Amino acid sequence: MFVDIHAHLSFADYDADRSDVVARLKEQRVSLVVNPGTNVQTSRDAIALAEQYEFVYANVGLHPNDVHQITDDDFHTLDALLAHQKVVAVGEIGLDYHYPDANIPKQHQCFREMLRLAKRHDLPVVIHTREAWDDTFKIMQEESSSNLRGAMHCFSGGVEEAKKCLALGFKISIPGIITFKKSTLPDVVAALDIEDLLTETDCPYLAPAPHRGKRNEPSFVVEVAKKIAAVKGLAIETVAETVHQSAAELFAVSQK
Ligand SMILES: [Zn+2]
Ligand SMILES: [Zn+2]
């Protein structure tokens, strides 16, 4: 059974055919989907969808590109939403220096605030980091504690970054990018144990081959698992089983 630990399934991209997209999950044997929040509204939306489908879970998060307008009230709301029974992690949170208008001090402050919320609720975190490895590690190290754990979503680093994440108690989540011709993710996957890996689509973005360029959806996560199996010389069932177990453990869900 396959796992998509990061699918923006409540985004408007699926408004016209969401129930069909969800129906395809069963066909493709995808048995666990985690839908992240990026701000108060999308966190609420993720929870609403998780209430509708047993095997869909929610994260409550604050994306680094969404920190501009955040208020103290918003933090209180996010804190309250974390108590919902289908919320399995704080995410996505992190740093993103890609855009020229990135408010870096505010991103740092919000990242720390959300890490502290996760520790207080004893929940794992799902981290988004883009062009910001040094500061991401610095903050993760400074905020590290015995119950800080989680996943590096849409992993974009090399073997060195991956090993640092593992040492901090984080899993490496492999996106569809691994199926792209020039991707260096196969090297990362080859260097790590299968137990250290998770799979995701980050849909609606970044559809894997052979769907590249189309709208992505969680059922395409099978392509990510296939590629991992090929790189590691493992049976696809072994990859699916191991990743499922890792995800179920990290997010403390029991569905099979
Ligand atoms: Zn992200
Ligand atoms: Zn995302």
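Predicted model: local features only at pLDDT ≥ 70, side-chain atom pairs only at ≥ 80, totals over all residues.
Visitor: How many helices and strands does the protein have, and how compact is the protein for its 256 residues?

Guide: Happy to start there: the protein has 9 helices and 8 strands. The globule rule gives 18 Å for 256 residues, and the radius of gyration comes close to that at 17 Å. The protein is therefore as compact as a globular protein of that length.

Visitor: What percentage of the residues count as buried?

Guide: A residue is called buried if 20 or more other C-beta atoms lie within 10 Å of its own. Of the 256 residues, the share that passes is 46%.

Visitor: Which strands stand at the edges of the sheet?

Guide: The sheet is open, with parallel pairing, and its order is S1-S2-S3-S4-S5-S6-S7-S8. A strand at the edge has a single partner, so one side is left without a neighbour in the sheet. That describes strand S1 (2-4) and strand S8 (197-199).

Visitor: By what angle are neighbouring strands of this sheet turned against each other on average?

Guide: Direction is ignored for this one. The average is 30°.

Visitor: Which residue in S5 stands opposite Gly 91?

Guide: Strand S4 (residues 87-96) and strand S5 (residues 125-130) run parallel and are joined by 6 bridges. Opposite Gly 91, the residue in S5 is Val 126.

Visitor: At about what angle does helix H2 run to S3?

Guide: Helix H2 covers residues 40-52 and lies across strand S2 (30-35), strand S3 (56-60) and S4. Relative to S3, the helix runs at about 160°.

Notes
Residues numbered from 1 in each chain as written. Chains lettered and ligands numbered in written order. Helix = DSSP H or I, 4+ residues; strand = E, 2+ residues; numbered from the N terminus. Rg over C-alpha atoms; globule rule 2.2 N^0.38 Å. Buried ≥ 20, exposed ≤ 12 C-beta atoms within 10 Å, placed from the backbone. Pairing = 2+ DSSP bridges. Axes fitted to C-alpha atoms, helices over the stretch in contact; angles between N-to-C directions. Contact = placed C-beta atoms within 7 Å.
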